[in-house]
Each structure stands twice: as structure tokens, then as C-alpha cells.
Amino acid sequence: MISDVDGAPLVGRGEMLAAARSTLAGTGPGQPTAVFLTGESGVGKSRLLREIGFELREAGALLLTGACLDIGDASPLHPLRQALRRLDAELTTRPTHASAALRGLLEMFADQAGSLDGAGALLEQVSHGLHLIAGGQRLVLVLDDLQWADRSTRQLLLYLLAGLGDLHLSVLAAVRAESLQGAHPLRRMLTELRRLRTVRVLDLAPLNRADTEQLAAAVAGAALSTTAAEQLWRRSGGNPFVVEELARDLRDGRDGLSDTVREIFLARVEVLPPDAHAVVHAVAVGVEPVEHWLLAKVVRLPDDELIDAVREAVAHRLLVGADEGYRLRHRLVAEVLEEEMLPVERAALHQRYAQALTGAHAELHQARLAYHWRLAGEPVRALPAAMAAAEEAERLHGYVEAHRHWSTAVQLAEVPSVGATADRVMLLERTAEAAHHCGEHARALTLLAEVADADAAQPTCGLSIRRARYLAAAGRSALAEVEYQRALAAADCTPRERATITAHLAELLLHLGRYADAGARAREALELADAVAGSTSEVVLASAALGFSEAFREDPEAGLAVVRRALDTAERSGRPEDVACAYLHLAELLTGPLNTLEEGVVVARRGAERVAELGLGRTYETRLLAIAINGLFRVGQWAEAEKVAAAALRHRPSGADAVEVLLARCRLSVGYGDIEAADRDLDAVATLCAGGGARHVIPLLTLRAGLAMWQGRHDLARKAVQRGLTESRSDDLVILAALIWHGLRAEAEAHASRSIPVDETAVRRLRAAADRVARRAGTAARPVRSVVEAFLALCAGEVSRIDGSDPELWARSVTEWDRRNHPYPATYSRLRQAEALLARRSRSAKAGKLLRQAYQAALGLGAVPLTAEIRTVAGRARVSLAERDATADRPTSSAPVGGGELAALTAREREVLAAVAEGLTNKEIGQRLFISERTIGVHVSHIFDKLQVRTRVQASAILLRNQPPDVR
Amino acid sequence: MSDVVWGFVHRDVVDLLADRPVDVPAVVDHLTKLQDLLDRRSPSKDGCPLAVFNRLYLTITERVLEGLYEGSFADVVFLSRLDVEFAARYFDALRLWTDSSSRCPKAWSCLFQRMEGPDVRPLPSAAAGINAHINYDLPFALVTTFDSLESELVDGSDQHADYLKINDIFAAEIPSLRRGYLDHWQLVIDLLNGNIDDWYQGELVEYVRDVAWRNAKKIWRCRNDRAAHEQERLRLENHAELLGRLLLSPLGAYLQ
């Protein structure tokens, strides 16, 4: 087989190579890196990909090489599947464990994908497959022409780059700069990714004059004359591809008048013998790479003559051959040739391709068939292929691709000759549904209108329900409400539909903040559902709406009872999803508006287990665990929260689920002061958000600010908050209040540490924002108001730090957070209260007590930076942090007590254990350590787990055995 | 090969453009720094057409930022993304011009070319910049913003209302640039927002401000169809270039 050789040396790219190398060198397991090369056609992106790829392969990496296609969103994840097939072909020569894994993954694409629950599961399967294929080796994914990537491929890239796949992976991709003009989705994605330390976007510029001459000389075999060099520089504009071709013409003494790539290649095509001529034209029309057998059928030449013709075309540097088929030497060539052909010539070639493909199965079979038949002007034959391609794409959750194929099918069906054979209404409905799934809600609604026009016999209720669903998904809640009402009024509305609509309506009203209406609708829905057998989903949905509306209207117990009952109903008669939803609603209700965190955590964890049993691990279990982590964080059980986070991430969640868990874990890392881990999670979240979705931006920025403050980078914290303030939706008061607090805290801390001058404008804006939040909280639901007020108490405290500390404000904050049972902000407030008291040189005894209390609590949490700050303040004020009780003081030393059997215990757990050994009850220990009795119970059970004992006496024995003699 | 594009501040401009702002405060910061550089480069006020445009754009973006802080927009997420995307296109054009790239949008390059022009008139210069930015950049910025927010363009939505508010800011800021030419400016705004075709059809008088919005809707529909998208892009580019050249021609002088 004839292959392409890079004859010319690589010139003028030393810096680029070095930059790419240094970025890629940072790759580690679970720490992916990526290099994106952008530049115009012919600037040498693919060449650099090959160069870097080769180096990495030499260094022992496993390369997966694929290219995206320009025939539209042909098929989900096409470049990856192509890369896998290529690797499969390579591995046949040396079968390894990787082959089996690879085949497995390819088979998954071929048949089983339909059974996966959603696009997220597909990503996870792919990453798992890649993990097996890599078998611990470093994996490099090389993707050319990324500007043509389908949405699924872009999502996969982000998923892998977020490090969720736990792979040792690098991504190397080339993007045509031209396509980044306009509204290309990669534009935005690259802007976001550019900011990550693990990603490098390299813009390849044309060569400069010196490099141009060097390259030309290398190709021509001798230095160019001054005039020739001048001419070549002027004509090529430093584009390496053009330089190379012009220099080659110069060397071979061909006429040097051609000024553009177009002319260069047209001149070459002209001199080809007829057979070779036919070959390049055929390849130009086909979908690259064009397989040998396919080319033979299209050009209709006997094998010997075909091979000769191919050789000729390769010799003229128009064609390139590889194992999998032929392609034109450069996309530029294909573009030149396509323009040159007459429409009838093109149509005839498409016809031949379609015929040849009809008889034999090839890669991208249906998509290619549809493409060729359509361009051959045969809509009747293109239609079934387009439909098959659409269904294939839906099977892999590639709704963008499916939508494109369905749209093509609708267009094809509009041709009069096809009209009679096609079921237009069905096509419109499928297209609408695909459009809805890929977020094209306006298009989905337009299509639905066409359905109604095309078929007057369509059930009006059903259509209204769909319209309402699309409207609600598009965030147009008011219109969706009207549409649901219309559905209810429709004559053909069945009791079942009535129950469904009413339940959805209740949910919608809840989102609109009309709690009373939502409650009334939910009750109505529950009654309707009672009368219809098998409507558990409706019961669950309506109960949740009722539960939340009651909680917001200050009758939490009634709401809670309804949701609990819904869980029972779901367990008795529902589908697994119903059970999962019921658990989710219950856990959200408890940890959210009701703020009964311990119970909420228990429910979330029990639910997670139950849901896993039911086989819904990936999505629902992850969501429930995220709730548990956040609850555990707030009640101060960080070690436990960490464990749960690790468990949740083992499921390799994707999308919003992954973001939730990562943010929760990051919150812990910020609390612990683990800067590196926090940074990594924040980058992962930023990567996942680069694909779209703005919901998580504010929590992300709040955490960035919190992290920056521990690092003393108040300027960065200020910037993060400023961004957040200009991008936060005003309706999420809690998130906004937390952000404002971070902003004021950054200014207060800048003021205290004199790191940067306080930004008066920023303070003014933050205070105005806090005032707005306070005003709006006045009309918010009681539970929301309560959290917001606690944050506003912190804000008031921070403001007072800037203009003269007021201990009373901090005391209020302590009370607020204690009341909510959130030890971390309560501890922080105690520190500030003590600081303020000390600053007034009054009541130092109270300050000392507060500091000691804060110190113990911070130690118990494991909040390293906060502990350090308490220590600093105490040191300055000469306050001793040591308790009178020696055993309680012991664990504060940095060296682990006794090591050995006690090493696994946290500082807090050692304190509890010491008290247990004294024979105190949980209640007594709780009083001594200023934490709730229930929390002590949890600590004790952890201690038992870790020491593997079952009684208090056994635990005490271990403590005594491990204590240094002086304490004993 | 192009060390002279920005004269003695060239290095500073290149360094500034190497960083890409991702939020509105950073955009304002960027525009401010760029203004300093442009003013240093040609100290005579109104001497550089780009400086004139940049000053106007900076003022407008500051107003937008203030509005964001004050909560005067309904959908802040949308508006800040749009503002960043919008500005990114201006910085892209500057970057491409700096690299002497042939890909620099023609609507912009016709203004950049005049940087050293002998007969610079500030008003038409600023108008040419606004033309490139609104008639060419804005529709694409809108599409990218909606795409990344997984939402879409709906007439009468919160986003549409916010978008129109930006137009009000433009309208409010432009006359203050040069008092006394308000009527002319009103005409320019209408002209800029009208399509050449529309203009001939007499739609100009109808005071249509959201042509960019309508163009964005056109692009939105074909954003997944590369050929159609490119065709639409070229149409807008040619239109904006034509208008830009018109404004910078002696004809534009009547605005002074």
C-alpha cells in the first residue's frame, strides 16, 4: 500500500513543539492534559499532530488517532470509533489484552448502547473501555479537524479532560481557525479551556520569511536565488503547505506562474492520465477515507489499472493512501476539485457511491448512503437511509446528529415524488422529539405546529401536553402553564392524562414560586391519581410538589408526611425510577427547607443504597450521595463526607451530577486547606462547564474566592466575586448571599492583612447587593429567608471589620449558625467575635473562651487554615488554647498521639474517645465539647468502626493501651 | 513580519491581546488598557479613528457593567456572557490585524486601515467601528451565547428585553460623544441597524433596532449546517464592509 511520507523537514515550529511538550509532560493518572492547535488550512497542524504523536508513541504511549468528518454530524463519536478501529487493525499484528477490551468497546457501540440510560452512561462506558484498553499505559487521543466534531465528541472530550475517567490521558487536537469565526461552538469551549493550567491552545501562525526560505531550500535541495525566494515569500504568504508545493514545482522545473493553491493543483490535475484523473475526482466526491473496494466499484476499473491510476495520482501529490483507504492529500485539494466538477458529474459519482454502498456494509453505512443518495438526486432512496441513520444516532443518544438526519428526512419527504411513500406526520413528530432532546425547543415547537396542520385528526390533548413539555424545557413556564390548562380542557383528555398534567402543573407552579397554587394543584393531582391504577409516578411528583409547598408555607411536618407516604407508595407499586425520585425529594426536603441535616443525610444514604440495588446507581445514587456530602459538610462531619465523595466519584458520574459531587468535594478541600486538591476539582468543574450550562458558575466562583483567601490572594478572591456578582441570577438568594459574604470577607481580610488596599467601590457594590438580597429575602419562603439571614449576619460582621469591629454583630452570626447547627461558619464567627473583643481590649476572658471553643471545633472539623488562624489570633493575644483538661488538650499537638491503633482517628474523635474513657455519657460529652449529643453518637460509632470494637469498654482499653505514660 | 502594525506600542498591544477576558469586569479592564495604549500612540485627541471607537465602546461597556452590578437586567447570566462574547470578537479582530492575517473581518480591516489616515473624522470613525461591531460581530456573539447557555432566541423573552436595553445604552451614549449632532446620529444608528436591502426598501425610517437580533435568528437556524452558516457569515461580512467603507468615504463627512 502506498503511504504518505513527510518529505519536508519541520521548520519554524520549535517553540510550538516545546510548548506542547511541556504541557503534555504534566499528564498523570487522573490528571489529563490537552493541546489544541489552531491555524488556517495548510499551516501545518496535522503535521505537528503527527510529529508530537510520534514522539509520544516512541515514549511508550498508546495512540488513538481519528479525524472528524465534514459531511455534517454523521454519527455520534465518529472520530473515536474510527480511532478504535484503526488501533484494532494495528493490534491484530500483536494481540494483547487491549484487543479484547477494544473489541468490547466497539461492540458496545454496535449493539448494546441502546440499553444505556442516557448519554452520560455512554461517556462513562467509553471511559471505562479506554481504561481497559490502556491497561495502565499512557493514552493519547489525537483528533484532527476537530472543527467538524459532533456534539457527542465534544462532550466526551470535556468529560475526559475533567479527569473523571481516571485515565492517564492526553488529548491532542487540531482545529481550523477559519471555522472559529462565526458562531462555532468550539469558540466558547476553547476560551474556557484556555484558562486551565492543563490545557494549551496554540495558535499556529504562518512561517516568517527566514523559515519560509529555509523550508523552501530544504525541499528544493538547494538555496533559492534572491528573486525566487522573494517571489516564493510573496506568493506563499508563509503558508508551509503552499511553500512546500511551490518549492517542489521550482525544483522540478514546472511552470512557476501559479499563485494560489487552486492553480497549483489544477495544473497538476490537468496533466494526469485519464484513469488517475477519474480516481482523484471520485475520491473528492466520496467520504474519506474511501476504501479500495469502494473506489474500484465507483471508477469501474480492473484492479491492475486501478492500482496504476492510484500510483499516478500519488506521484502527482494529489492522493494519499493508507490501510483504511484513500484520501486527498489535503482538504484544500478536495475543495479545488469539487469546485471544478460539473454538477452532473458530481451527481453521477454520488449515484455510483450509493449503489456500491447499497450492496456492502461500510463504516457509517446509513449516514453515507443518505448523503450520497441525496446528492445523487434520488430522494426516494435517500429517505430510508436518513431515517435509519437518525435511529442509529438516537440509539447512541446523539440527538443533535439524530435531529439533523430527521430534518433531512423531512426535507426529502417534501419532494413530490417521495411525498406519497412517506409518513410525514411521523417524521415531523420524530424530528420534534429529537429537537427537544438536543435543546432546540423553538424548532421542536415549530415542528409540532406543523404536525397539527398536517393532521387534523391528531389528539389535541396529546399535542398540548407535548407543547407544554417543550415550553417548560425551554424555560417558558408561563406559556407552559397555559398549554397545560388547554390540555386539561381538551375533550379527549383521559383520566390518566388529567392526573399527569395536574402533577406537572403543580411542579411548574412550585418553580414559579406560587406555593399556594402548587399545593392546591398537587392535592388535586393526588386525588386524580388515586382513581387511576398504575399512576405512581404522578403520585411521587405531586407529593413532592405538595411537600415543598407546605414546607415553604410553614407547615413542614404536613409536607414531610406526604413525601414519606409517596416513598411508601413507590416502594409498593412503583417503577425503580419512582422509588429513586421519592428518595431524592425526601432527602432534598430534609436537608433543604427543613434543615434537619442528620436525618436528611441518613435518608440520602439509605436511598443511595436502595437505588443501587434497583440498578439506578449511576444517576440517582450519585445525586443522593451529593446531597449526603453537602449535609455532612454542613454538620461538620467532614471525614465522613470525604468518604462518601470518593464513593460517589467511583461511579464516574457525568454532566451536572459530576459537577455537584466535584463542587461538594472541593468545598471540603477548601475547608481542609488542601489547595492542590481544591484547584484540581475547580478546574474539572470549569472543564465540564465549558460545554455549556451556567447553573454552577456561582458556587464555583465562591469556592475559588474562598480558596484564594486561604492563600492570601485577596486580589484573586475579589476578581472571582466580581465575576460572580455580574453573572449571578438574582433569584437564587442563598447562593448569592454566600458569594457576597466571600466578597466582603476578601475586602475585610485585605484590610486586616494590608495585602492590597480595600476597594471602596467594591465594598459599596457588595453592600448594595447585600441590601438587595435582604429586601428580596423579605418576601421569600421562610426556610430560604432563614439561611439568607445567617449569611447576611456574616456580611454585616465583615463590613464592621472594615470600619471598626463590632463584637455584637459577630455574636449574632454565631447565634444564627449555631441555631442552624452549622459548626463551620459558627466557628469562624466565634473567631471573629473574639478578635473584635480583643481589639476593644475588653472582656478578654470571654474572648479566650470563644477562641478555645473555636479552636476545639476547628480541630474537630480538620479545618487546617481556620485552626491556624485561631492559633495566630490566640498567640497575638497571649490566650492559651489549652483546656484545663489534659486529655482534651493532648490531641492538639501535631504529632499523632500514640500512633498505632489510634492513628486512624481524627483529632475530634480522640477527644470523644478520651471522654468515653472517663466514663462520660454522650450527653455529657456533648456538653463538654459544645456539640450536639447526636453528633457525639456519630463520632462514637465512627470510633467503633475504626477501632473495630463493639463496646465503650473495648474502645477505652485501646486508648489506655496507646497513651503515653505521663498522661496515664 | 508585522512589528510595525501598532508602532511603538506594538509589544504592549500584543501582550494585552494575549490575555482573553472571560467576564465583564475584565472586559472593561482590557478596553481601558487598550485606550491608554491607543492614546499614547496618537496623543492628539480624535487623531486615531480606532481610539475614538474604543473610547465610545469603553463607555458603553462601563455602563453595562454598572447595570449588571445594580441588577438592572432581568437575565444577568445571559447579558454578561453576551457582553464577553461580543467583546471577544473585537479583540479577535484586533489580534488578526496584529498578525496581518487575511482572516481579519473586512468590516474591521477597513477601519484599521485608516488608522494613519490623513483626514480622520471622529464621528464616522466611531460609526464605522459600531457598524462592524453591531452588524457583523453581534449576531454571532448572540448565537454563541445562546448556544453555550443551552437556550435560544425568543422574541419578547427576558433576554430580548435585556438586549434591547443595551441598544438604549448605545443610543444614550452616542449623542454625548458630540453634542449637537443628535439628528445625524439618530440617522446613523438607524442606518447601522438596517440591512442594505432593507435600506433600499425604505425600512430605514421604521426605526428598527434589532436587526442584529433577527440576523442572529437566521444564523441560529443554520448554525449546525456549515455551508449555510458560512454563506450567512459572508453575507453579513460583505454587508458590514460595504457600510463601513461608505461611512469612511468622503460621504461620511456630512456627519461631522
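## An enclosed helix in chain B

Of the 23 residues of α4(B), 20 are buried, so this helix is largely enclosed by the rest of the structure. Here a residue is buried if 20 or more other C-beta atoms, placed from the backbone, lie within 10 Å of its own. Helices (H or I, at least four residues) and strands (E, at least two) are DSSP runs, numbered from the N terminus.

Helix α4 covers residues 76–98 of chain B, and at 1.5 Å a residue it should span 33 Å, which agrees with the 33 Å between its end C-alpha atoms. The expected span is 1.5 Å times one less than the number of residues. After α4(B) comes B:Ser100, with a positive phi near 50 degrees.

## About the model

This is a predicted model, in which local features need pLDDT of at least 70 and side-chain atom pairs count only at pLDDT 80 or more, while totals for chains, interfaces and linings use all residues. Residues are numbered from 1 along each chain as its sequence is written, and chains are lettered from A and ligands numbered from 1 in the order in which they are written.

## The parallel sheet of chain A

Turning to chain A, five strands make an open, parallel sheet ordered β2-β3-β4-β1-β5; two strands pair if DSSP finds at least two bridges between them. β2 (62–67) and β5 (199–203) of chain A are at the edges with a single partner strand each, so one side of each lacks a neighbour in the sheet. From one strand to the next, the twist averages 15 degrees. Helix α3 (residues 78–91) of chain A packs on this sheet, touching β2 and β3 of chain A, and its direction makes about 130 degrees with that of β2(A). Contact means C-beta atoms, placed from the backbone, within 7 Å; axes are lines fitted to C-alpha atoms, for helices over the stretch in contact, and angles run from 0 to 180 degrees between N-to-C directions.

Strand β3(A) is joined to β2(A) by six bridges and to β4(A) by five. A:Leu139 has A:Leu62 opposite it on one strand and A:Leu169 in β4(A) on another. Six of the six residues of β3(A) are buried, so the strand is largely enclosed: A:Leu139, A:Leu141 and A:Leu143 point one way, and A:Val140, A:Val142 and A:Asp144 the other.

## A helix pair in chain A

Helices α28 (residues 556–573) and α29 (residues 576–591) of chain A have axes that come within 8 Å and cross at roughly 160 degrees. That makes them roughly antiparallel, a term for angles over 145 degrees.

Notes: Contact = placed C-beta atoms within 7 Å. Buried ≥ 20, exposed ≤ 12 C-beta atoms within 10 Å, placed from the backbone. Parallel < 35°, antiparallel > 145°, perpendicular 65-115°, else oblique.
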